[in-house]
Amino acid sequence: MMTVETMEQLRTSEQLTANPDAPLMQLKELHVEFGKQHVLRDINLSFKSGQTIVVIGESGCGKTVMLKSIIGLIKPTRGEILYRGRDLATFNEREMTELRTRFGFVFQQAALFDSLTIGQNVAFPLKQHRAMSDEEMDQTVRQALFDVGLPESVIYKRPAELSGGMRKRVGLARALVMDPELMLRRADDRVGSDHE
Ligand SMILES: Nc1ncnc2c1ncn2[C@@H]1O[C@H](COP(=O)(O)OP(=O)(O)O)[C@@H](O)[C@H]1O
Ligand SMILES: [Mg+2]
């Protein structure tokens, strides 16, 4: 399973946006074929801000292919993928990179850096992509840890000192600090439980 969540808070930029009132993402008559294999056939979906969409299907049915299409890693054979009304096919590399910074991903294994503290892990994307003071960064990190229900005391710990469930929450916090418009994650990685 995979969930696609859209955030209430939006950061729109005129550069990327054809129509700010259009749905966040739309899939229109999307087909993806690999040779003779039709993986996605005539998918029509609209993601609005604030919605959670859950895609369920057996292994190999095309969930990851759909996700990769949404983030522009797989080009549709036919049909369109629109971000706020604008076809991803018209985005250049720089715009695609900019778009991906607005999407949050939580990877299966949370993929934390073992040698960094939890605080440094959560701050990592901010250091890469945002200009903010150390104080502001510290505040943002603490807020994100609070939002995912982790105690402040984890901030100086290392990933190995946390349970698997807590590490997943850290992965979510790291995606949330970027204030994403769209959050993509595997539903079986939900962080409702501290048990594996
Ligand atoms: N880049 C690719 N080239 C060729 N076939 C692919 C590619 N990516 C996925 N597929 C095929 O598409 C089908 C759907 O895969 P996938 O989206 O990974 O399924 P799942 O629903 O388990 O995430 C599978 O048959 C897979 O082998
Ligand atoms: Mg998959």
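Modeller: Two strands pair if DSSP finds at least two bridges between them. Strands (E, at least two residues) and helices (H or I, at least four) are DSSP runs, numbered from the N terminus. This is a predicted model, in which local features need pLDDT of at least 70 and side-chain atom pairs count only at pLDDT 80 or more, while totals for chains, interfaces and linings use all residues. Residues are numbered from 1 along each chain as its sequence is written, and chains are lettered from A and ligands numbered from 1 in the order in which they are written.

Colleague: In what order do the strands of the open sheet lie?

Modeller: The order is β3-β2-β5-β6, with antiparallel pairing. β3 (37–47) and β6 (86–87) pair on one side only, which makes them the edge strands.

Colleague: How many bridges join β2 and β3?

Modeller: There are 7, in the antiparallel sense. Val32 stands opposite Leu40 in β3. The hairpin of β2 and β3 has 2 residues between the strands. There, Gly35 has a positive phi near 60°.

Colleague: How many bridges join β2 to β5?

Modeller: β2 (residues 25–34) and β5 (residues 78–83) run antiparallel and share 5 bridges.

Colleague: Now the helix. Which residues of α1 are buried?

Modeller: Buried means 20 or more other C-beta atoms within 10 Å of the residue's own, C-beta atoms being placed from the backbone; exposed means 12 or fewer, and partly exposed lies in between. Met66, Ser69 and Ile70 qualify in α1. They sit on the same side of α1 because they cover an arc of only 100° around the axis, taken from the directions from the helix axis to the C-beta atoms.

Colleague: What do the buried residues of α1 pack against?

Modeller: They pack against β2, β3, β4 (52–55) and β5, where contact means C-beta atoms within 7 Å. After α1 comes Gly72, with a positive phi near 80°.

Colleague: Which residues surround ligand 1?

Modeller: Among them are Phe34, Val39, Gly57, Lys63 and Thr64; to be near, a residue needs its C-beta atom within 6 Å. Helix α1 (residues 63–70) gives the largest share of this shell, 3 residues.

Colleague: Which residues of the largest nonpolar core touch the most other members?

Modeller: A nonpolar core joins buried Ala, Val, Leu, Ile, Met, Phe, Trp, Tyr and Cys residues through C-beta atoms within 7 Å. Here the largest has 18 residues, and Val122, Ala144, Leu145, Val170, Ala173 and Val177 touch the most other members. α3 (118–129), α4 (134–147) and α5 (164–176) each supply at least two residues of this core. α5 gives the largest share, 6 residues. Another core, of 14 residues, lies apart from it and includes Leu24, Leu30, Ile70 and Ile81.

Terms used
Contact = placed C-beta atoms within 7 Å.
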